[in-house]
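Me: Could you walk me through this model before I set anything up with it? I'd like to begin with how the inside is packed.

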Amino acid sequence: GMMRNVRTKTARAAVAAAVLVLAAGGAQAQEKFRVAADVGYAPHVMAKPTGGVEGMNIDIGEAIAKKMGMQLEVIDQQWSGIFAGLNAKKYDMIVAPTTITEERAKSMLFTEGYFESEYQFVIKKGGPQVTSLDDLKGKVLSVNKGNLYDKWATEREPQYGWTVMRFDKNADAIAAVIAGRATANMAGSTVGGWAAKQNPMIVPSTLIISTGQVFGMEIGRASCRERV
């Protein structure tokens with residue numbers, strides 16, 4: 001309960017900070033507030049059965065748009081090209097959960113962090129649990145191409161001898177686990193927990209890797225400078 005309240009307050013602060021930055025950048029000169037998200041990265045951004053999108057990060061995007069008197073337009077963008085799209089001004093902001101790093105902050109403006117970034121695996125139910133990274137030695141890990149989980153797993157490939165299998169959508173990386181093509185999908189703990197709730201064939205790993213990092217949302221520095 002307390003943790004959820006902390007996260008809610010932090011998310012509110014992130015919304016307020018984003019509105020200030022975007023207002024300074026002149027984003028409200030247009031009626032549509034265009035945001036990018038990797039649709040299918042549940043529970044953050046998901047396609048609704050009736051059409052449109054929903055999810056935790058869409059709620060935050062809607063709150064920012066409402067404060068600026070604008071209409072939210074969500075552009076589905078594969079993660080591997082999401083930053084390039086921001087630099088090319090295809091959209092005003094990325095609402096997909098993005099870990100705040102020093103390197104990324106050089107080219108993008110971040111909101112305040114709104115959620116802790118923890119790494120977790122999704123594995124097939126009934127199979128051996130993952131209690132340590134040693135349990136994955138020589139196995140196949142599926143990841144969403146180009147994200148920090150991909151980078152993290154790739155850097156440790158020589159140490160653990162696992163193989164990294166990359167997919168444009170994390171939902172496909174999870175499907176690879178269900179089909180037995182991969183032993184585990186590596187993503188954020190929110191994603192693993194949600195996926196396991198929706199599908200009885202998979203469970204999250206007991207191993208959770210705490211990073212000390214947080215998720216934020218970002219706008220391009222270049223477009224900010226131009227608008228101001």
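Me: Which residues have the most contacts inside the largest nonpolar core?
Reply: In this predicted model, the largest nonpolar core has 41 residues, and those with the most contacts inside it are F33, F121, L133, W152, W162, M186 and I209. A nonpolar core here is a set of buried Ala, Val, Leu, Ile, Met, Phe, Trp, Tyr and Cys residues joined through side-chain atoms within 4.5 Å, where buried means under 20% relative accessible area, exposed over 50% and partly exposed in between, with a 1.4 Å probe and protein chains only.

Me: And which elements each supply at least two residues of this core?
Reply: They are β1, α2 (56-67), β5, β7 (115-124), β8 (140-144), α5 (148-155), β10 (184-188) and β11; the largest share, 5 residues, comes from β11. Helices (H or I, at least four residues) and strands (E, at least two) are DSSP runs, numbered from the N terminus.

Me: What is M186 in contact with, leaving aside neighbours within four places in sequence?
Reply: Taking contact as heavy atoms within 4.5 Å, M186 touches Y119, Q120, F121, S142, V143, Y149, W152, A153, N170 and I209.

Me: Which strands does β5 pair with?
Reply: Strand β1 (residues 32-37) runs parallel to β5 and is joined to it by 2 bridges, with V35 standing opposite M93. Strand β11 (residues 202-220) pairs with β5 in the antiparallel sense over 3 bridges, and there G216 is the bridge partner of T98. Two strands pair if DSSP finds at least two bridges between them.

Me: Switching to rings, how many aromatic pairs are there?
Reply: The structure holds 6 aromatic pairs, counting rings of Phe, Tyr and Trp (its six-membered ring) whose centres lie within 6.5 Å, with planes under 30 degrees apart called stacked, over 60 edge-to-face and the rest tilted. Y114 and F215 form a tilted pair, at 6.4 Å centre to centre and 40° between the planes. Y114 lies in the loop between β6 (108-110) and β7 and F215 in strand β11, so the pair ties together parts 101 residues apart in sequence.

Me: Are Y114 and F215 buried or exposed?
Reply: Both Y114 and F215 are buried. In another pair, Y119 and Y149 have ring centres 4.9 Å apart and planes at 75°, so that one is edge-to-face. Y119 is buried at a relative accessible area of 5%, and Y149 is buried at 4%.

Me: Last topic: where does pLDDT stay under 50?
Reply: pLDDT, the predictor's confidence in each residue from 0 to 100, stays under 50 over residues 1-6, which have 1 contact beyond four places in sequence, and also over residues 224-228, which have 13 such contacts. The protein's mean is 87, and 84% of its residues reach 70 or more.

Me: What conventions sit behind these values?
Reply: Residues are numbered from 1 along each chain as its sequence is written, and side-chain values use heavy atoms, with hydrogens and water left out. As this is a predicted model, local features need pLDDT of at least 70 and side-chain atom pairs count only at pLDDT 80 or more, while totals for chains, interfaces and linings use all residues.
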